[in-house]
Amino acid sequence: MSGNPYVYILVMAAVSYLIRTLPLTLIRRRIENVFLRSFLYYVPYVTLAVMTFPAILTATGSVWSAWLGFAAALVCAWRGLGLLPVACAACAAVFLSELALL
Amino acid sequence: MKESPFLRGIRDGVPISLGYFAVAVSLGIAARSAGLTAFQAALASLLNNASAGEFAAFTLIGAGAGYFEVALMTLVANARYLLMSCALSQKLDAATPLLQRLVIGFDVTDEIFGAYIAQPGALEPHYAYGVILIALPGWALGTYLGVAMGSALPARLVSALSVALYGMFLAVIVPPARRSRVLAGLIVLSMALSALLSLAPAFAFLSTGARVILLTVALSALAAWRFPVREENAA
C-alpha cells in the first residue's frame, strides 16, 4: 500500500456513487424513444444472464454441485417461486450434493 | 391486508444479504492481503457494495497503485452500474424526489437491481430502502469477518452460500422468460455467448466486467432492434 487507506476508500466510494447516482438523477423523465426504451427493457435480462452463466459453475467446491445448484434454481424459478425460495433451493442442492460427492 | 413495500423489501433482501455475506467473506480475505484492517475493509464495503469493483481496487491497493489508478479501476469495474442505473431511471416514478433518487442510487448492485426489476410496476422507494437496509449490512459484516477470520469459515458453508446470488438472478429472469419467447431466447443466447467469451482463449483478454458490459450493450441493442417493445409494461 502506497497511500492512505482512508483516501483510497474515499476515492472508491466517490467513483462508485457518481456512477450509480448520475443516471438516476439526470434522467428524470420517461424516455419516449422506442429503441432506447426497448434497449433498457432488455438490459437487466442480458446482464443477469451473463453474470450467472458460466460464473455459477466455478462458484462452488465442485463443478457438479454447481450444475445441480443451477438446475435446482432453474426448476424452482420456472415454477415461479420467489427470490428467497429459489436461492435456498440452489444452496441446498449444492450443500447436499457436496455432502454426497466430496 | 397488503404487506408494506418496506417489509417486502426486507424479505427480498434476505437472500441477497446471505449471498452477500458469503461473497464478502472472500472479499475480506482479499482486503486483508492488501493491508487493510477489518474496520477499513468493512467501511469500504459499506460505502461501495461492489464485489468486482472492490476486489479489483483492493488488488491495486495491495500492489501499491496510486489514487488515480484506483479511481480508474473502480470506474471500469463498476461501469455496468451506469447501465443499470439508466434502466432503473425508467423504473422510478417520474415524480420521485431528488433525495430519494440520491438514496436509491447509493446502492445499485447486480442483486439489488435484480430485485427491483422483479417488482411489478414502478419501484417504490420504501421497497428499495427495505432491501438496502438488510442487504448492505450483510455485505459489510461479511467483509469484516473475512478480514478478521480469514479462511476459518467451513468451506462447505461458503460453497453453498455462494450460489445464493445466482439463484436469485435466475428467480428474476426466468419467470418472465416463461411468458415471452423473445426473453427466453435472449437469455439462452446471453448465457451461451457469455460461456463462449469466458472460455475461448481468444477472448481471455476480456475481464469479467468488460464481458458483461460488452454483451449487455450488444445483445440488448440487437433485441431492441429486432423486437422493439411497444406496450406499456416495458421497464
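## Contacts along the chain

Take the contacts in chain A between residues at least 6 apart in sequence: 47% of them join residues at least 24 apart. Here a contact means that two C-beta atoms, placed from the backbone, lie within 7 Å. This is a predicted model, where local features need pLDDT of at least 70 and side-chain atom pairs count only at pLDDT 80 or more, while totals for chains, interfaces and linings use all residues. Residues are numbered from 1 along each chain as its sequence is written, and chains are lettered from A in the order in which they are written.

## Overall build

Chain A has 4 helices and 0 strands, with helices being DSSP runs of H or I, at least four residues, and strands runs of E, at least two. Its C-alpha atoms fill a box of roughly 50 × 50 × 20 Å along the principal axes.

Of the 102 residues of chain A, 49% come out as buried (20 or more other C-beta atoms within 10 Å of the residue's own).

## H3 against H4

In chain A, the axes of helix H3 (residues 63–78) and helix H4 (residues 83–101) come within 8 Å and cross at roughly 150 degrees; axes are lines fitted to C-alpha atoms over the stretch in contact, with angles from 0 to 180 degrees between N-to-C directions. H3(A) and H4(A) are therefore roughly antiparallel (over 145 degrees).

Residues of H3(A) that meet H4(A) include A:Trp64, A:Leu68 and A:Ala72, and the H4(A) side includes A:Val86, A:Ala90 and A:Glu98.

Conventions
Angles under 35 degrees count as roughly parallel, over 145 as roughly antiparallel, 65 to 115 as roughly perpendicular and the rest as oblique. A residue is buried if 20 or more other C-beta atoms lie within 10 Å of its own, exposed if 12 or fewer, and partly exposed in between; C-beta atoms are placed from the backbone.
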